[in-house]
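Hi,

Here is the model I promised to pass on to you.

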Amino acid sequence: MNIKLLNEALAASRSGKAAALATNLKTGQQSLIQGTEVTGNLPVTDVVMAAITRCWDRDENDSVMTGEGKIFIEIFNPRLRMLIVGAVHIAQPLARMAALTGYLVTIIDPRSAFASTERFPDVTINSDWPDDAMKALKPDRRTAVVTVTHDPKLDDPGLAEALRSDAFYIGALGSRKTHGRRLDRLRELGFTDEQMARIHGPVGLKLGAISPAEIAISIMAEVTQVLRAPVEQAKAERAAAKAASREAAE
Amino acid sequence: MESAGDNEQILGQAAKWRGEGKGVALATVVSTWGSSPRPSGSKLVIADDGAFLGSVSGGCVEGAVIEEGLKAIKDGQVRVLSFGVTDERAWEVGLACGGKIDVFVEPVA
């Protein structure tokens, strides 16, 4: 790879915009594609562009056979983000684990005593009210939102805005009883049961977690499952359909 | 897809080593079959002083990939390496998991 192209790929990856790197595995020719803009020495034909679009949609890398050789397509989708409402104890291990998993983490808490940089080094802290913060940060389909304050006046506005967004995961810490009352309050704000079904509450996979770090594990496990399991299932279904059509052809 | 964070770190390291005047090669998993340990897009960066960062497998084929990376730095050529249990060198650098992977190795010039 040309160092100039490598730096551009790095910048593209950091920018958070969708980009793709196409490489001819035989010749080593490469191009970086951002939207309709192409940089590099690999000609991007319609066939290659169609494959890139498919990869972006499926959020996976793939390769495509052409007359000039096999072209590998590596996509740079925007970074995964996690927005945590509440700079409470549990947020400390959760922020660290999420960062380790590749998420850009923002902790939202208007209470400055909680959201101090001493308690949360290396994490972006947003001290706006949760609904304002959510409106500014605009959770998208690569964003997980987790509320952990236990305080309705902080959690509820955050959850309400999350429900109006495309966030792929919404989780709320609290017991089954707490969650029931939370749903009642959200219902009063006009949310339907179907809409509220997006909220994972009580948050996390049932691991019998006790300590804050263990609870963070159960949350990260559930977030990962929600993100990856459907993609894995679709892959398995495509493979099964391919096998079936091959069998039918024989 | 490989998590963007990991690959950003590896591309960043490649740029840094290159900036320091080192010879650098990049290895990327470009195909996987069966139960391969690292997904397509996983990267490993190799410097000509033998330093490396990242992974393309669970550790079973890294040695061979680094060796080819050092060759790529010297001859400036790209190559595709295939690893799997059917490989004749399987006993040496095969994947214990029974999967199969192709790794693209390229010099960073």
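To start with chain A: what percentage of its 250 residues is buried? The figure is 37%, where a residue is buried if 20 or more other C-beta atoms lie within 10 Å of its own, exposed if 12 or fewer, and partly exposed in between, with C-beta atoms placed from the backbone.

Some housekeeping before the rest. This is a predicted model, so local features need pLDDT of at least 70 and side-chain atom pairs count only at pLDDT 80 or more, while totals for chains, interfaces and linings use all residues. Residues are numbered from 1 along each chain as its sequence is written, and chains are lettered from A and ligands numbered from 1 in the order in which they are written.

**The two chains**

Chain A has eight helices and 11 strands; these are DSSP runs, numbered from the N terminus, with helices being H or I of at least four residues and strands E of at least two. Its C-alpha trace spans about 60 × 50 × 35 Å along the principal axes. If you take the contacts in chain A with a separation of 6 or more, 54% are between residues 24 or more positions apart (two residues are in contact if their C-beta atoms, placed from the backbone, lie within 7 Å).

Chain B has three helices and five strands, and along the sequence they come in the pattern α-β-β-β-α-β-α-β. Of its 109 residues, 42% count as buried. Contacts in chain B between residues at least 6 apart in sequence join residues at least 24 apart in 57% of cases.

**Where they meet**

At the interface, 24 residues of chain B are in contact with 24 residues of chain A. On the chain B side, helix 1 (4-19), strand 1 (24-33) and strand 5 (100-108) each give two or more residues. Helix 1 of chain B has the largest share, with 10 residues. By class, this side of chain B has 12 nonpolar, eight polar and four charged residues. For those classes, Ala, Val, Leu, Ile, Met, Phe, Trp, Tyr, Cys and Pro count as nonpolar, Asp, Glu, Lys and Arg as charged, and the others, Gly among them, as polar.

**The cores**

The largest nonpolar core has 47 residues, and A20(A), A27(B) and V103(B) touch the most other members. A nonpolar core here is a set of buried Ala, Val, Leu, Ile, Met, Phe, Trp, Tyr and Cys residues joined through C-beta atoms within 7 Å. Strand 1 of chain B gives this core its largest share, six residues. Have a look at A27(B): leaving aside neighbours within four places in sequence, its contacts include L44(B), I46(B), V56(B), V65(B) and V103(B). There is also a second, separate core of 42 residues, with V88(A), Y103(A), A133(A) and V223(A) among them.

**Helix pairs in chain A**

Helix 3 (residues 91-100) and helix 8 (residues 212-249) of chain A pack with their axes 8 Å apart, at an angle of about 45 degrees. Axes are lines fitted to C-alpha atoms, for helices over the stretch in contact, and angles run from 0 to 180 degrees between N-to-C directions. That angle makes helix 3 of chain A oblique to helix 8 of chain A (under 35 degrees is roughly parallel, over 145 roughly antiparallel, 65 to 115 roughly perpendicular and the rest oblique). The residues of this contact divide into 10 nonpolar, one polar and no charged.

Helix 5 (152-163) makes another pair in chain A: its axis and that of helix 6 (residues 176-188) come within 11 Å and cross at roughly 60 degrees. Helix 5 of chain A is therefore oblique to helix 6 of chain A as well. P152(A), D156(A), L159(A) and A160(A) of helix 5 meet R182(A), R185(A) and L186(A) of helix 6. Here the classes are four nonpolar, no polar and three charged residues.

**Backbone spots to check**

The peptide bond from G201(A) to P202(A) is cis, with omega near -10 degrees, and P202(A) lies in the loop between strand 11 (199-200) and helix 8 of chain A.

Two residues other than glycine have a positive phi: K138(A), near 45 degrees, and H150(A), about 75 degrees. K138(A) is in the loop between helix 4 (130-137) and strand 9 (143-147) of chain A, and counts as exposed because it has 12 C-beta neighbours inside 10 Å. H150(A) sits in the loop between strand 9 and helix 5 of chain A; with 15 other C-beta atoms within 10 Å, H150(A) is partly exposed.

Cheers
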